[in-house]
Amino acid sequence: MNKETVPLICNITNPGRVGITLPDVDVPVTSVADGLPKGAVRESLPLPELSELDVTRHFMHLAARQYSVDANFYPLGSCTMKFNPRVNEFVASLPGFAAIHPMQPEETVQGALALMYELQQYLAEIAGMDDCTLQPVAGAHGEFTGIILIKAYHESRGDSARTIILAPDSAHGTNPATAARAGYKVKTIKSNEKGMVDVESLKGMLGPDIAGLMLTNPNTLGLFDENVVEICRLVHEAGGLVYCDGANMNAIMGQTRPGDLGFDVMHFNLHKTFSTPHGGGGPGSGPVACKSMLAPFLPIPVIVKDGDTYKLKSDLPGTIGRMHSFYGNFLVDVRAYVYLRTLGAEGVKEVSENAVLNANYIRARLKDVYDIPFNEHCMHEFVASGKVFKKRGVHALDIAKRLLDMGFHAPTVYFPLIVDEAIMVEPTETESKETMDSFIDAMIKINQESIDDPEYLHHAPHNTPISRVDEVGAAKRPNLKCVIGE
Amino acid sequence: MTNMSSSLKRNKLSYIPTTDGDLAEMLAAIGISDTSELFKIIPEDYRLDKPLNLPSGLAEQDVVSLCVGMAARNKNLHELTCFLGAGAYDHYVPAIVDTMLSRGEFLTAYTPYQPEVAQGILQSIYEYQSLICALTQMDISNASLYDGGTAVGEAAIMSTSITGRSKVVVSRAVHPNYRQVLSTYTAGLDINIVEAPFKDGLTDISALISMLDDTVASVIVQYPNFFGCVEDLGAISEAAHAVGAKLIVSVDPVSLGLLTPPGAYGADIVVGEGQPLGVHTGFGGPYLGIFACRQEYVWKVPGRIVGATTDSEGRPCYCLTLQTREQHIRREKATSNICSNQALIALAATIYLSSLGKNGLKQVADLCFQKSHYAKERICNKAGFSSPWNAPFFKEFVVKCDKPIDEINKKLIDNNIIGGLDLGKFYPELENHMLLCTTEKRRKEQIDLLVELL
């Protein structure tokens with residue numbers, strides 16, 4: 001990795017440089033001053049001036065200070081950092097997909113509409129549900145869509161007393177944040193000693209004020225809740241609906257379907273389960289599948305098929321409205337479509353089988369070295385607790401940082417909140433046994449280091465371009481931009 | 001249902017490297033004889049005993065062939081001349097943008113939660129934030145939101161949190177789709193959205209003033225507005241601030257190469273759609289939600305923010321900061337439920353702005369301005385076409401036609417031209433009005449051909 005500090009783009013500017021050649025004006029010139037009101041013409045524009053090579057070198061130097069799935073193993077629990085196939089990139093860059101305008105005449109975008117329609121069908125099938133929208137552009141966005149679908153459903157039935165959404169204490173932070181955004185109060189259900197929803201607790205909380213339950217299954221500990229069917233039934237009996245946070249679909253795709261288990265609505269994370277790249281933090285895509293009773297409320301426009309022709313329809317009286325300026329992250333959806341056409345029905349099942357196999361392999365090899373609280377078979381991820389290291393004065397954070405030295409990205413740490421010093425590992429199905437063995441060896445080595453030389457771990461990482469960062473200082477004295485000329 | 005037997009087919013999928021040999025060792029380590037044992041936790045009645053109803057998988061060359069065929073059923077913007085804008089713009093995307101975005105280090109990186117191995121992404125986001133602040137003349141920018149529409153929604157919610165007031169006034173001259181997203185975003189909250197009228201292509205300032213009082217959290221306008229007209233931000237700012245309401249401006253970032261930025265007029269929050277900055281039209285996404293605001297509101301900002309700091313050796317570096325605003329820490333008390341941003345798209349905008357730079361962006365903006373003014377004048381000189389108003393405009397403009405827009409556009413598309421937006425479909429009072437756009441890509445001969453065919 002590049003250990004040299006890369007100067008900021010603001011600081012490498014050199015007046016007079018241009019990064020791209022533009023054409024001259026080819027129309028008779030109108031005076032800008034005459035065409036715009038007084039004071040509306042900008043006086044100064046403090047952007048950098050760089051040549052194309054300056055720009056190229058700058059971003060190449062930055063790229064060299066960055067881990068990525070392409071180069072490094074990312075065993076990040078709940079993120080499903082699988083390989084991002086390049087055939088997906090090739091198709092998404094075709095001008096027939098990349099260079100089309102969202103509002104050009106429908107007869108000129110039939111290929112795009114067909115792709116979206118087919119992808120919606122595939123996702124609905126994987127979900128075990130009836131309908132699907134591709135409009136949400138991220139998991140949290142999908143959650144919000146799903147929860148307001150539930151709200152619209154209750155409202156359409158005049159059931160306005162339902163003001164509460166339930167979520168387990170192990171839920172991802174987006175779950176309660178989403179429910180609050182939708183105007184619901186959030187109540188937390190405790191997990192039992194097995195890390196699953198405490199069914200008796202749940203029974204005590206169900207009533208006519210419950211709109212629904214948000215559940216991740218397998219849950220954020222990587223465990224399939226054996227009571228999930230009963231949980232869904234109980235919520236339905238109380239008049240509520242059940243939302244499935246589909247972040248962990250990589251474990252059960254093709255093995256079972258959330259709709260069959262009793263879930264009414266769910267979101268997918270295409271950037272997790274369906275191999276679309278993370279891009280450093282986005283763009284993702286969070287399609288929502290739902291059962292037919294929620295279909296009247298889907299965001300507009302929906303895609304309808306009329307014979308062989310696809311059309312966009314906005315005339316849906318019950319719609320919750322729009323979630324996005326257009327149709328969602330279409331070019332991300334294209335990548336997921338290519339992936340599903342590559343996998344096919346058989347491949348979908350191979351993905352989940354191997355994802356679960358891989359996680360269990362790492363768990364089995366580490367269980368004698370690390371404390372794994374829920375130590376039966378896991379699904380596609382497992383959580384270890386670093387609490388035994390606390391006695392040696394070493395924390396999950398130190399273990400995470402030391403792994404960076406060895407070429408691995410750290411696993412997820414400190415989530416879920418219900419496990420002390422949580423370390424959550426999810427290898428995914430795209431990793432080889434050799435890579436997993438190197439990771440296992442590294443974890444074993446770190447365990448030994450925690451006994452022999454804990455101080456070394458406190459100051460890890462040692463081999464990366466920078467050492468641990470003063471995050472407290474960053475928040476106390478926020479410095480959020482550079483300025484040209486300063 | 002019958003018990004599933006292991007159905008692993010070795011070495012068929014290039015994405016799954018596990019061989020028979022690997023499998024045997026792994027099963028032994030776990031202490032099971034078959035992978036099906038790992039799925040016994042799923043109640044038997046719910047374990048699928050047959051494949052999903054999906055098409056069979058295809059070899060890579062066959063997937064490509066299939067998808068190339070699907071793409072060919074679309075007519076793209078190299079084949080069609082685009083005079084349609086309305087929130088998605090046919091600007092030129094410099095080749096360096098796609099080159100850098102396809103670098104695996106950026107494309108396949110995760111969110112930069114471990115700064116020691118993510119300085120590439122973190123610094124590029126810090127630079128993005130810096131360039132957005134320079135462009136909008138605002139104090140702080142976040143790392144981006146999903147798109148222009150959701151950015152308006154987030155800004156409106158933030159304004160109610162800042163002021164403690166619950167009414168938001170949005171101009172009808174703001175993009176209809178953005179107003180719909182705003183409505184969806186705020187429906188579950190105690191927020192009342194009211195619309196201010198437009199007159200002669202601009203927000204009607206006297207009508208707006210009559211709607212403003214101390215119950216109003218913010219006024220939202222677009223700059224240039226949906227009709228392409230340049231709003232009088234000075235007057236709107238004064239009106240909003242006179243009652244203690246915040247001014248939210250949704251911008252076209254390319255226009256800020258030419259126009260005085262909203263920060264100079266005292267805007268409190270600037271949002272917008274970053275797609276014009278080196279992002280393909282892509283049938284509507286992924287796009288880029290710009291979000292910038294005054295320093296004093298930093299703790300209320302939604303989404304990720306990157307800050308500069310030092311490491312334990314004193315080296316300058318960057319990290320995600322002010323995270324206690326966010327969902328992973330504050331959960332239901334977070335400033336938003338947003339988790340991801342549009343990192344790779346923000347990188348596109350950063351590379352675009354770095355490449356065009358100070359002079360290039362001004363030049364692109366000027367080209368847009370020149371071509372739109374030329375086009376409008378030529379069209380309005382034709383019989384049957386007129387200008388509905390005299391408001392100043394940037395790259396989009398409205399013409400009134402003597403025939404239905406559908407009919408005009410049908411003729412244009414038969415000649416491989418995408419005509420303007422039929423405004424009558426969004427504004428009943430604008431029947432037979434067309435919203436046209438000329439970016440820097442529209443050559444004189446293309447404009448002349450459009451005029452000829454109208």
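**Legends to close-up views**

**A:P218 occupies the loop that runs between β4 (210-216) and α9 (228-237) of chain A.** Helices (H or I, at least four residues) and strands (E, at least two) are DSSP runs, numbered from the N terminus. A cis peptide bond, with omega about 0°, connects A:N217 to A:P218. This is a predicted model, in which local features need pLDDT of at least 70 and side-chain atom pairs count only at pLDDT 80 or more, whereas totals for chains, interfaces and linings use all residues. Residues are numbered from 1 along each chain as its sequence is written, chains are lettered from A and ligands numbered from 1 in the order in which they are written, and side-chain values use heavy atoms, with hydrogens and water left out.

B:P224 belongs to the loop between β7 (216-223) and α9 (233-242) of chain B.

**Helices α5 (residues 119-136) and α11 (residues 343-380) of chain B cross at roughly 45°, and their axes come within 9 Å.** Axes are lines fitted to C-alpha atoms, for helices over the stretch in contact, and angles run from 0 to 180 degrees between N-to-C directions. The angle therefore makes α5(B) oblique to α11(B); angles under 35 degrees count as roughly parallel, over 145 as roughly antiparallel, 65 to 115 as roughly perpendicular and the rest as oblique. The crossing of α5(B) and α11(B) is left-handed, that is, the near helix is turned anticlockwise from the far one by less than a right angle. Contact (heavy atoms within 4.5 Å) involves B:S124, B:E127, B:Y128, B:L131 and B:L135 on α5(B), and residues of α11(B) including B:A346, B:L353 and B:L361. The residues of this contact of α5(B) with α11(B) comprise 8 nonpolar, 3 polar and 1 charged. Here Ala, Val, Leu, Ile, Met, Phe, Trp, Tyr, Cys and Pro count as nonpolar, Asp, Glu, Lys and Arg as charged, and the others, Gly among them, as polar.

**Helix α11 (residues 330-366) of chain A packs on helix α1 (residues 20-30) of chain B at about 50°, with axes 8 Å apart.** α11(A) and α1(B) are therefore oblique to each other, and their crossing is left-handed. Among the residues that meet are A:L357, A:Y361 and A:R365 in α11(A) and B:L23, B:M26 and B:I30 in α1(B).

**Chains A and B bury about 16,400 Å² between them.** Buried area is the accessible area (1.4 Å probe) that two parts lose on being put together, summed over both. Carbon and sulfur atoms give 65% of this area. B:Y15, B:E116 and B:F283 supply 6% of the area that chain B buries against chain A, more than any other three residues. The contact takes in 191 residues of chain B and 197 of chain A.

**A salt bridge joins A:R181 and B:E154 at 2.7 Å, N to O.** A salt bridge is a side-chain nitrogen of Lys or Arg within 4 Å of a carboxyl oxygen of Asp or Glu.

**A:K82 and A:E429 form a salt bridge at 2.8 Å, N to O.** The pair links distant parts of the chain, 347 residues apart. A:K82 is in the loop between α2 (52-63) and α3 (86-92) of chain A, and A:E429 in the loop between β12 (422-425) and α14 (433-452) of chain A.
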